[in-house]
Amino acid sequence: MILTPEKKTDRCLTFRTKRGEAGFVMTLWEVLIAVVIVAVVFGLIFDGYVTSSKVAQWTGFSLAAQSMAGQAVEQARAAVWDIALQKTEVTNMTLLNKQITLNGANFTMTGYTTNILDIPWKGTNYVLATNYVTVQSFFQNGVSNPWVQMQSVTVQTVWPFIGWGKYTLQYYTNTVCTFIAPDNRDPQTLGD
C-alpha cells in the first residue's frame, strides 16, 4: 500500500494530536498535585493559628489563676501573727466552709473561696475559679522548745478550660505555697 500525501498528512496530524494530548494529561496531573500540596499547606497554617490561639487562651487562664492564688497568699501574709501577744489573725480570713483543727499549740485551717478569673469577659461568659486554702502552723525544729513556730500557707486554684481535644471541659490546678514566720511585735519580748 502506498501512502498518499493526504494520508501522510493525516497520519502526521494524528500523531501530533496524540502527542499534544499526552502533554496535556501530564500537565493536568501536575496541577492537581500542586493544588493538593497548596491545600495541605494552607490547612496546616490554619491549624497552627487555631492551636496557637488556644495555647494563648490557656496561658491567659493559667496566669489569671496564678494571680488569684497569689492574692490569697498575700491575704494570709498580711494577717498579724504575733505569738507573744497571742494574735493569730490569719484565722480571720474570709473562707467558705472554714474549719479549724487544733493540735496542741498548732492548728490547721482549711476553706475555699470562689471568684471570677481576671480575664476579659462580657455578659455571662465569665470563668469561675476556686481557691482551696490550707494554713498549717508547725514547729520548724519539730519541738516546742526552743520556740520556732511557722505557718505553711498552701493555695490551690482550680479553674476550668474548654478547648483541647473534642472540646471537653477539663480542670487545671495552680498551686502556690509559702512559709510565714511570726511577727513578734510585742516590744517586751524583743528586749526594748
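## Briefing: fold, sheet, cores and selected residues

The protein has two helices and seven strands. Helices (H or I, at least four residues) and strands (E, at least two) are DSSP runs, numbered from the N terminus. This is a predicted model: local features need pLDDT of at least 70, side-chain atom pairs count only at pLDDT 80 or more, and totals for chains, interfaces and linings use all residues. Residues are numbered from 1 along each chain as its sequence is written, and side-chain values use heavy atoms, with hydrogens and water left out.

**Overall layout**

- From the N terminus on, the order of elements is α-β-β-β-β-β-β-β-α.
- The protein has 192 residues, and 24% of them count as buried. Buried means under 20% relative accessible area, exposed over 50%, and partly exposed in between (1.4 Å probe, protein chains only).
- Take the contacts between residues at least 6 apart in sequence: 50% of them join residues at least 24 apart. Contact means heavy atoms within 4.5 Å.

- Five strands form an open sheet in the order 3-4-5-6-7, with antiparallel pairing. Two strands pair if DSSP finds at least two bridges between them.
- Strand 3 and strand 7 (169–180) are the edge strands, each pairing on one side only.
- Neighbouring strands of this sheet are turned by 15 degrees against each other on average, direction ignored. Axes here are lines fitted to C-alpha atoms, for helices over the stretch in contact, and angles run from 0 to 180 degrees between N-to-C directions.
- Strand 4 (residues 106–116) pairs with strand 5 in the antiparallel sense over nine bridges.
- Strand 5 (residues 128–139) is joined to strand 6 (residues 149–162) by 10 bridges, and these two also run antiparallel.
- V133 in strand 5 stands opposite G111. In strand 6, the bridge partner of V133 is V155.
- N131 has T157 as its bridge partner in strand 6.

**Nonpolar cores**

- The largest nonpolar core holds 18 residues; V90, M93, M109, V133, V135, V153 and V155 touch the most other members. A nonpolar core is a set of buried Ala, Val, Leu, Ile, Met, Phe, Trp, Tyr and Cys residues joined through side-chain atoms within 4.5 Å.
- Helix 1 (5–78), strand 4, strand 5, strand 6 and strand 7 each supply at least two residues of this core.
- Helix 1 gives the largest share of this core, four residues.
- A second, separate core has 10 residues, including F61, A65, V127 and F161.
- In soluble globular proteins, nonpolar side chains tend to be buried together.
- V155 touches A69, A72, V73, N131, Y132, V133, N174, T175 and V176, not counting residues up to four places away in sequence.

**Aromatic residues**

- The whole structure contains eight aromatic pairs. Rings of Phe, Tyr and Trp (its six-membered ring) pair if their centres lie within 6.5 Å; planes under 30 degrees apart count as stacked, over 60 as edge-to-face and the rest as tilted.
- The ring centres of Y112 and Y132 are 6.0 Å apart and their planes lie at 45 degrees, so this pair is tilted.
- The pair links distant parts of the chain: Y112 is in strand 4 and Y132 in strand 5, 20 residues apart.
- Y112 is partly exposed, with a relative accessible area of 30%. Y132 also counts as partly exposed, at 41% relative accessibility.
- One aromatic cluster is formed by W58, F61, W159, F161 and Y172.

- Q151 lies in strand 6. Q151 counts as buried because its relative accessibility is 1%.
- Beyond residues up to four places away in sequence, Q151 touches W81, T88, V90, F107, V135, Q136, S137, F138, T178, F179 and I180.
- T94 sits in the loop between strand 2 (87–88) and strand 3 (96–103). T94 counts as exposed because its relative accessibility is 60%.
- Leaving aside neighbours within four places in sequence, T94 is in contact with Q75 and T113.
- T94 and A72 are 22 residues apart along the chain, and their C-alpha atoms are separated by 9.9 Å.
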